[in-house]
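Student: Could you walk me through this structure? I am new to it and would like to begin with the overall picture.

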Amino acid sequence: MKKKMLAVLLAGAMVASLTACGGSKSADTADTTKTEESGDSAEAADTKDASEFKVGLITDVGGVNDGSFNQSSWEGLERAGEELGVTVNYLESATDADYAPNLETFVDEDYDLIISVGYMLADATRAAAEANPDTKFAIIDDSSIDLPNVTSLIFHAEQASYLVGYVAGLTTKTNNIGFVVGMTNETMNQFGYGYYAGAKDANPDVTVQQFNANSFADSATGKTMANTAITNGADIVFQAAGATGLGVIEACQEAGVYAIGVDSDQSSIAPNTVLTSAMKRVDNAVYEAVQELIDGTLEGGIKSFDLAAGGVDIAPSQDLIAPEVITAVEEVKEKIVSGEVVVPADKESFEAKYGADAYQLD
């Protein structure tokens with residue numbers, strides 16, 4: 001409440017003088033037109049040394065060592081700190097109730113950019129951005145916040161998931177594979193749509209078992225669901241579940257079947273178990289956002305990262321994948337980039353090709 005009152009009192013001063021942290025105009029990635037205001041912001045930013053910038057990251061409940069989404073985001077921010085010279089820090093969220101206080105902590109400490117990891121922080125980020133228009137925010141995997149000081153970093157997860165599904169469809173010996181998702185919603189269902197589509201396109205005879213753990217921080221549940229899939233015949237299980245997915249990998253390792261990782265290359269967790277990973281280069285997106293902050297070009301709006309732009313892909317660790325499968329995947333990657341293969345990213349497009357009963361978690 002105090003911040004909102006202060007923002008009102010300072011409104012006149014803000015009109016008269018822009019600072020390096022001043023809000024820039026909202027812009028979609030397709031719109032590269034620079035406004036006079038964003039130009040002024042860039043000029044102001046040029047007068048500020050990189051070492052004077054502070055960038056903070058707020059994790060979701062998976063934590064910074066989830067081996068996945070949050071960890072990759074932090075690694076990107078760490079790299080920005082080392083290479084660009086900015087001050088970086090993170091705060092972990094043990095529960096949903098921590099999102100708002102964590103954001104407020106960085107606002108109180110005058111951080112120039114605050115990065116929220118995941119759509120679960122959307123409401124708290126929106127409220128913080130509205131109350132603090134001179135602070136820049138970025139959020140990964142959410143595009144619902146239409147504010148000039150919020151940058152949405154969106155990834156075509158369905159494309160990376162299609163590729164690992166294609167690998168699974170060509171690799172399975174039982175024609176039976178599994179999928180464990182941390183939570184079901186529009187964003188997370190993209191993983192399921194892509195995985196199912198890729199597996200079926202590669203192998204029409206494959207069965208895809210589907211499970212919703214309803215948590216990104218419950219490895220025990222992930223392990224139980226993977227064991228259920230394995231008991232029911234799955235010899236490959238893909239997890240898009242944050243820290244919950246670590247339990248999936250553990251179950252697969254113990255059973256001697258393949259797991260598929262998510263967000264980052266998770267082969268180091270279990271080198272003889274993780275067949276591949278559906279990568280979202282959130283590390284690169286975070287680094288790029290910090291670079292643009294320093295340059296004074298970071299704008300509100302949506303920035304989209306797809307296969308063509310190198311924003312998503314399968315992991316470079318491919319020792320467990322048969323050479324002919326790698327060749328097939330490279331061919332289908334080219335078709336996705338060219339537009340010959342269009343991976344379904346929503347319920348309507350998915351069901352139009354694969355039927356209303358194919359994906360059971362939406």
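Tutor: The conversation below goes from the sheets to a helix, a cavity and a few single residues.

Student: What kind of model is this, and how are residues numbered?

Tutor: This is a predicted model, in which local features need pLDDT of at least 70 and side-chain atom pairs count only at pLDDT 80 or more, while totals for chains, interfaces and linings use all residues. Residues are numbered from 1 along each chain as its sequence is written, and side-chain values use heavy atoms, with hydrogens and water left out.

Student: How many helices and strands are there in the protein?

Tutor: The protein has 13 helices and 12 strands. Both are DSSP runs numbered from the N terminus, with helices (H or I) of at least four residues and strands (E) of at least two.

Student: And what percentage of the residues count as buried?

Tutor: Of the 362 residues, 56% count as buried. Buried means under 20% relative accessible area, exposed means over 50%, and partly exposed lies in between, with a 1.4 Å probe and protein chains only.

Student: Which strands form the open sheet with parallel pairing?

Tutor: That sheet has 6 strands in the order S2-S1-S3-S4-S5-S11. Two strands pair if DSSP finds at least two bridges between them. Strand S2 (87-91) and strand S11 (301-305) each have a single partner strand, so one side of each is left without a neighbour in the sheet. The twist averages 20° from one strand to the next. Such angles run from 0 to 180 degrees between N-to-C directions, and the axes are lines fitted to C-alpha atoms, for helices over the stretch in contact.

Student: How many bridges join S1 to S3?

Tutor: Strand S1 (residues 54-58) and strand S3 (residues 113-117) run parallel and are joined by 4 bridges. Val-55 stands opposite Leu-113 in S3.

Student: What is the order of the open sheet with mixed pairing?

Tutor: Its 6 strands are ordered S7-S6-S8-S9-S10-S12. Strand S7 (207-212) and strand S12 (312-314) stand at the edges with a single partner strand each, so one side of each lacks a neighbour in the sheet. Neighbouring strands of this sheet are turned by 15° against each other on average, direction ignored. Strand S10 (residues 274-280) and S12 run antiparallel, with 3 bridges between them, and Lys-280 stands opposite Val-312 in S12. S8 and S9 run parallel, also with 3 bridges.

Student: Which strands does helix H10 lie across?

Tutor: Helix H10 (residues 244-255) lies across S6, S8, S9 and S10, and runs at about 165° to S8. Its buried residues include Val-248, Ile-249 and Cys-252. The buried residues of H10 pack against S6, helix H9 (219-231), S8, S9 and S10; contact here means heavy atoms within 4.5 Å.

Student: New topic: how many cavities does a search of the whole structure find?

Tutor: The search finds 2 cavities of 30 Å³ or more. A cavity is a set of points on a 1 Å grid over the protein atoms alone where a 1.4 Å probe fits but cannot get out, and lining residues have an atom within 4 Å of a point. The largest cavity holds about 170 Å³ of space. Grid points are joined across faces, edges and corners, and a volume is the space filled by probe spheres set on the points.

Student: Which residues lie nearest the centre of the largest cavity?

Tutor: Of its 19 lining residues, Asp-60, Phe-69, Met-188, Phe-216 and Asp-263 lie nearest the centre. Helix H4 (69-84), helix H8 (186-202) and S9 each supply at least two residues of that lining.

Student: Is Asp-263 buried or exposed?

Tutor: Asp-263 counts as buried, at 6% relative accessibility. Asp-263 lies in strand S9 and has a positive phi of about 70° although it is not a glycine.

Student: Where is Asn-175 found?

Tutor: Asn-175 is in the loop between H7 and S6. Its phi is positive, near 55°, and Asn-175 is partly exposed, with a relative accessible area of 31%.

Definitions and conventions:
On a 1 Å grid over the protein atoms alone, a cavity is a set of points where a 1.4 Å probe fits but cannot get out, and a pocket is an open set with protein on both sides within 12 Å along at least five of seven lines; lining residues have an atom within 4 Å of a point.
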